[in-house]
Amino acid sequence: MAKSPITQEYLDELISIPKRIIKNPRKEFTIQSGCRRKTFEVYSDKYNEKFRVFMRQSEMLPENYSIGLQLLCSEFDNDPILFRCNGPHGGNLSLKEHFVTHIHRCKLEDYNGTFYTVEKSIDVTSSYSTFDSAIYYFLTTCSILDAKDYFPSAWNVSLFEK
């Protein structure tokens with residue numbers, strides 16, 4: 001199937017269309033610069049698009065985490081991050097949403113006839129409260145079909161999380 005034109009609707013759909021893992025995540029998180037990290041790639045058969053998934057969690061402040069879906073696309077100068085699930089990381093007094101769990105969604109904008117993306121949308125969420133529950137929410141929201149094979153514990157998050 002040919003690629004759809006880059007529109008906001010297309011970018012929104014890329015978040016939820018079914019994807020399969022093509023570059024497996026490591027079994028364990030790596031530690032780099034005080035942060036637990038895991039990265040892998042997924043693919044959409046419907047649109048022939050590749051994505052990078054990244055998971056980051058601070059070792060010092062475990063409530064500070066980010067899980068994102070990044071489109072690997074030659075149509076933009078930088079690969080846009082389409083969707084991110086974040087913990088309460090603060091750091092910006094003008095954005096009160098940063099002090100609670102929140103989601104960022106990519107927005108497409110026109111700048112002098114050139115399209116680019118920005119993560120302008122910030123939505124407070126109660127859909128997850130910890131890194132582990134955010135993993136489940138992210139994997140199901142982004143329709144990563146074989147995620148349970150690689151993240152089985154995400155489907156077993158206790159009602160009383162640690």
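Biologist: In this predicted model, what makes K23, N24, R26, E28, T30, R37, K38, T39, F40, E41, R52 and R56 the lining of the second largest pocket?

Modeller: Lining residues have an atom within 4 Å of a pocket point, and K23, N24, R26, E28, T30, R37, K38, T39, F40, E41, R52 and R56 are the residues that line the second largest pocket. The space in this pocket is about 190 Å³.

Biologist: How are the residues of that lining divided into nonpolar, polar and charged?

Modeller: Eight are charged, three are polar and one is nonpolar. Asp, Glu, Lys and Arg count as charged.

Biologist: Which strand supplies the largest share of the lining?

Modeller: The largest share comes from β3, with five residues. Both β3 (35–44) and β4 (49–58) supply at least two residues each.

Biologist: Why is β3 called largely enclosed by the rest of the structure?

Modeller: Buried means under 20% relative accessible area. Seven of the ten residues of β3 are buried, so the strand is largely enclosed by the rest of the structure.

Biologist: How do you know that β3 pairs with β1, β2 and β4?

Modeller: Two strands pair if there are at least two bridges between them. Three bridges join β1 (residues 20–23) to β3, three join β2 (residues 30–32) to β3, and ten join β3 to β4; therefore each of these counts as a pair. The strands run antiparallel in the pairing of β3 with β1, with β2 and with β4.

Biologist: Which residues stand opposite R37 of β3?

Modeller: T30 stands opposite R37, and in β4 the bridge partner of R37 is R56.

Terms used. Residues are numbered from 1 along each chain as its sequence is written. This is a predicted model: local features need pLDDT of at least 70, side-chain atom pairs count only at pLDDT 80 or more; totals for chains, interfaces and linings use all residues. Side-chain values use heavy atoms; hydrogens and water are left out. On a 1 Å grid over the protein atoms alone, a cavity is a set of points where a 1.4 Å probe fits but cannot get out, and a pocket is an open set with protein on both sides within 12 Å along at least five of seven lines; lining residues have an atom within 4 Å of a point. Grid points are joined across faces, edges and corners, and a volume is the space filled by probe spheres set on the points. Helices (H or I, at least four residues) and strands (E, at least two) are DSSP runs, numbered from the N terminus. Buried means under 20% relative accessible area, exposed over 50%, partly exposed in between (1.4 Å probe, protein chains only).
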